[in-house]
Structure formats: structure tokens, C-alpha cells
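Good morning, and thank you for making time on the agenda. I would ask you to have the sequence and the structure open while I speak.

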Amino acid sequence: MVGGGTRWAMIVALAACSAPAPALVHPPPVAVAPVAPPVPSGPPLLAALPAARPVATDRFPGVVTCIRCHTAGDGDHGAMRDAAGADISPVTDAAGTMMALAARDPYYLAAFRRELAAVPAGAAAIDDLCTRCHAPVGNAEARAAGGAITLDDLVRGDGDAAALGRESVGCAGCHAMQPDGLGTDAKLVGRAALRADRVMYGALPQPQGDAMIAMIKAPPVPSPHVTESALCASCHTVIVRPLDAAGHETGAEVVEQGTFLEWRSSAYASGPTSKTCQDCHQARVAAATPFSTSPPTAPARDGYRRHAIRGGNAYMLASLAAPDATSWLRAAVTPAQLTTAAAETRALLATAARLEVKPAGRDLAITVVNLTGHKLPTGFPTRRMWLHVTARDAAGQVLLESGRHAAGAILGADDARLDEPGVILPHVDRIAAATDVALWEAVPVDAAGARTHLLLGTARLAKDDRILPPAPLTIRSNPVDPRDLARTRPVGTEHDKSFLPGRDTVTLALPATTARVEIELLYQAIPPETLASYAPTDSPEAARFLALSPPPTPELLASTSWSR
């Protein structure tokens, strides 16, 4: 297998040589028709992205500058290798992450183009908003030079800012982030400042910086903020206002993503149960290792964290691992690395929840326990989670089934699709029929109350019953900011008394002859409703996204069973 670091080394060598809320109702049954292959028409597919190349400027070192010392060592030195000898260095680990692919992600590019097409007058603001987090170093480089970076720069530009932008959240995207004010409103929505003098912040209290200064003119500066959740706050809190046709902000603020705010109001923010984002998403290496291969005498140190930062989008990682997708992507990553990343992401997802089942009179109480430090699911509002429940009699015959699915769509009785595009399924706390589906999601709507996929066309959330994280043990141990609670409050659960911090209980009405119940908790990062909101004729980016997107088979978060 060729690792990300090895591929980058090849690149270096080559370079050296050359309104009212909508009603939440069960939809009428809709037969699922076979999907005909799309007829080629409209704009062509987005061409292959510009290949990753070495880039560094007076302001920022690119990823290529970090390869020389932060890929695994050979021989006796063995820096940044695990007990089995595998490369666990930052550059290799990061190559297969959605963060390292954030500006090449075909879903992001399609959504970005749709925002621009919806409000052409707001292009400058949209370009800035959509690159501050997905292409932070490119955005900062362009602004420091008195310009701006655009979507067109990302998909076809050849300047240094564009090349840095396509590195997505590269090394400098986190390690050049200045600590001042992180976590405050002024620094949210990608507004955290990056140092533009090549300085890199790190966790080591006494870094051996001579090699970095001599080789890449990037002095390391120790700072504990790189180990704190506030480092993640800027890009994992997206608060916006919708744009009118003239490109002006209007209406109330909308928390499109509030992962950091959810964590900050949870039991994990402080006190005896405190955990940072890094504690869950950056595994710590048990054995001591040098943090660099240069100087060769660099000592082994404890506390090394993997840069294989895993989240919740196994679907896109697996999709990009297909040979045609990887050849289009043209990033410094291999299909094998992406396949591994998808598998490790699924493993992380399997730690997100626990199912608890107990009889409740004639019914069965099914509780989903949120084991994360944020809402479940969190992040971009296309993400959703639901229960697939099957009650059987002693002969194994199905008596009641809720949450059945095919090609990623949720079905009711007689294969009727329940989640047709535009439909908003209500919050459910009791399952008594196939049309009762316990589905947790956030649903953005526009000013007219219709479901929307436009970030800057969202007026509010019509539904947000994603399961809250555990609450602080006591308010005294973790004084929660009332603004965080207001910004992350659930919507549509007001009459569900079993919807509590850290858990939600759904009651299953057991048919009289039930002998066994099988329960699965399923999850999707990108559901069919989202895919159906695009057409190949929308834009080259949309056409490419659809071409690279297989049916979204849901991920299994947890499963259990109960027998009478």
C-alpha cells in the first residue's frame, strides 16, 4: 500500500525535478417506482480536480513542508509507528480524513454551487463563508494578499491560494489557529484567525524547533489550546442568517451546525466527566514515540495523538474509495487509505449509542442512550437516525415492522415510501404501526415552511429531535450558558416526556402473540431525500456528486433483541 506520506514524497520529488410551521403528518403511501438511469443532458460532469501539488508561501507552510519530518521513520528510529510497525504519523493519518478532503468533497462542491446559483448577488459573502472552514488556509492566504478565494478557484484555479485551499483543513488550518477568543461568538463560523507568519502551534511544552526553523522556516510555539475543544469551535459552529435576493442577511439567526455548543452544554464540558473533542476523535497512542524524524535524536515522548480524525461520514469516504472517484479527486490519498478510514469511521459510529429494552406493561420500552458529547446525530442537518423494529411470533412471522428500508429510503406497509422528498415525518414516541417511525433529525425549512436544502435559504428548523447529550451532573459543576441552551434546544419534542438529556425512550405496542423483537438503530450521513434534491442538469458539480454517490445504505449504530 502506498501511504499518503509516500505519495506526497513522490509529488515533492517530481516538483524538485520540474412562515407558520408545516404540519407534521404521516404521508400517504407512495409506491416505490424503479429508478431509471439518468438521461445525459445539461452541463457536463465536473472535470477531475487539479492534482495535489507542493505549495508553500511566505505566510503559510503547505502540507508538503510537513512531510519531511512528520511521516514515519525507518530503521531503529521508528518514529510515529505503532507496535505493529504501521505508519501512524500525522501526514499519513490525516490524508484519509474528511477534514483533509473538505474542499474536494463532491457533496460540498455541489452544495456550494447551489448556494451561489440561488443568490448570485451574494456571491462574495457565500464564497467567503463556504471557504473559511473547508479551505481555511487558502481563504486566509487570499485575504492576506488582498483578494478572495472562490468556488471556481477550488475546482480549477492554479494559484497558490487555490492550491492551499484544496489542501482543505491542512496542517496550518489547525496548527496556525490563534488562541485568542476561541469559543466566543466573534470567532465562530470560521472566523478564528490564522497566524500568517508561518508559526505553528503545538502541544509539546518544550518543542525541539531548530529543525523546523532551519528546514521550513516555521518556528513551533507551545500552546495548550491545540488540545482543547475550543480549537474545534470555529468550524463546528455554523450560525447564519438567510440571504434575500439582493444578498443581504435577513430574518433570525439559524444554528445550522452547533456541535461545539452542544458539547459546551453537556456533562463532558467540565467536572468529573469532562472530555474534549480530541479525547474521542483523536485516539491517544499508548506507547511513547518521537513526534518527528528530525532531528534523528528526537526523544520518545508520551501523549502522542493520532491525526486519523474520525467523524460520522463513512458513506462519503467509502464512495471516494472507488477507483473512478479517487482518480477524479486527485488528492494525496489512496483508495486503500479511504477504505480504512471508512471502516474506522464505522467503528467510531458503533460507540455512539446504546439500546436499552424493558417491558412496560403490555408494551416494550426502547431507550436510545446517547454516548457522545453532542447531539446524536450532530453536524450537517442531512444526518438522520432511526429505529428499525421487527416484532415476530413464535413461528418467526412478522407481526409489526417499523423503519424497514430499501436503497436507503424508509418504507412502510406494502413497500410504500414514507420519506418522499419534501416530507417531514413527525417526532414519534410510540410505535403501533408500520407508519410510526422513530426518526431523529433536524429539518431546515424556508420562509414559506417548505423543506429546504439551502443553508442560506433556511428560515428556521421545523423539527430537531436529535437526542441531546447528557446534561451536567450539577449546574454548579458546569454553569451552562443560557444562549447555548437556546441555540441547541430541541424542536417538536415538547409533548414527549421521555425525551430527556442523554436519552429518548420509544414505546413499542406489542402485538398479542409477539415472541421476539429485533431492534436496530440505523444512521445515514446523506439520505436519499438529499440526493433527490439534486439533478444532473443543475451544475457540473451536482452531476459529479450524483455520479459518485451510490445508494446510501444506512450504518448500524447499535442492535439488540428481546424475547418474551
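This is a predicted model: local features need pLDDT of at least 70, side-chain atom pairs count only at pLDDT 80 or more; totals for chains, interfaces and linings use all residues.

A search of the whole structure returns six aromatic pairs. Let me take Tyr 107 and Phe 380 to begin with. Their ring centres are 5.8 Å apart and their planes stand at 90°, so this pair is edge-to-face; the cut-off for that class is an angle over 60 degrees. Where in the chain do Tyr 107 and Phe 380 lie? Tyr 107 belongs to helix H4, residues 106-118, while Phe 380 is in the loop between strand S6 (363-370) and strand S7 (384-392). The pair therefore ties together parts that are 273 residues apart in sequence.

Phe 380, at 27%, is partly exposed.

A further pair is formed by Phe 291 and Tyr 304. Here the ring centres lie 5.4 Å apart with planes at 70°, so this pair too is edge-to-face. Phe 291 and Tyr 304 both sit in the loop between H13 and H14, so the parts tied together are 13 residues apart in sequence. Both Phe 291 and Tyr 304 are buried.

Returning to Tyr 107 and Phe 380, I would point out that ring pairs link them with Tyr 534 and Phe 545 into a cluster. A charged group is also found at Tyr 534: the charged end of Arg 114 sits over the ring of Tyr 534, 3.7 Å from its centre.

With a relative accessible area of 30%, Gly 303 is partly exposed.

Pro 295 is placed in the loop between H13 and H14 as well. The peptide bond joining Ser 294 and Pro 295 is cis, with omega at about 0°.

In helix H14 we find Ser 319. Ser 319 has a relative accessible area of 7% and is therefore buried. Beyond residues up to four places away in sequence, Ser 319 touches Ala 325, Leu 548 and Pro 550.

I turn now to backbone geometry elsewhere. As background, most residues other than glycine have a negative phi, and most peptide bonds are trans. Against that, the bond from Leu 376 to Pro 377 is cis, with omega near -5°. Pro 377 lies in the loop between S6 and S7, and Phe 380 is in the loop between S6 and S7 too.

Two residues with positive phi deserve mention. Val 189 is not a glycine, yet its phi is near 60°. Val 189 is in the loop between helix H9 (171-175) and strand S1 (200-202). Is Val 189 buried or exposed? At 5% relative accessibility, Val 189 counts as buried.

Arg 330, likewise not a glycine, has a positive phi of about 55°. Arg 330 is located in the loop between helix H15 (323-329) and helix H16 (335-349). At 36% relative accessibility, Arg 330 is classed as partly exposed.

My next topic is helix packing. Two packed helices are described by the angle between their axes and the distance between the axes. For helix H5, residues 123-132, and helix H6, residues 136-144, the axes come within 7 Å and cross at roughly 135°. That angle makes H5 oblique to H6. On the H5 side, the contact is made by Asp 128, Thr 131 and Arg 132; on the H6 side, by Pro 136, Asn 139 and Arg 143. By class, this contact has one nonpolar, two polar and three charged residues.

Finally, I come to helix H2, residues 63-70. How many of the eight residues of H2 are buried? Six are, and the helix is thus mostly covered. The buried residues of H2 are Val 63, Val 64, Thr 65, Cys 66, Ile 67 and Cys 69.

That concludes my presentation, and I thank you for your attention.

Note on methods
Residues are numbered from 1 along each chain as its sequence is written. Side-chain values use heavy atoms; hydrogens and water are left out. Buried means under 20% relative accessible area, exposed over 50%, partly exposed in between (1.4 Å probe, protein chains only). Axes are lines fitted to C-alpha atoms, for helices over the stretch in contact, and angles run from 0 to 180 degrees between N-to-C directions. Helices (H or I, at least four residues) and strands (E, at least two) are DSSP runs, numbered from the N terminus. Angles under 35 degrees count as roughly parallel, over 145 as roughly antiparallel, 65 to 115 as roughly perpendicular and the rest as oblique. Contact means heavy atoms within 4.5 Å. Ala, Val, Leu, Ile, Met, Phe, Trp, Tyr, Cys and Pro count as nonpolar, Asp, Glu, Lys and Arg as charged, and the others, Gly among them, as polar. Rings of Phe, Tyr and Trp (its six-membered ring) pair if their centres lie within 6.5 Å; planes under 30 degrees apart count as stacked, over 60 as edge-to-face and the rest as tilted. A charge sits over a ring if NZ of Lys or CZ of Arg is within 6 Å of the ring centre and within 35 degrees of the ring normal.
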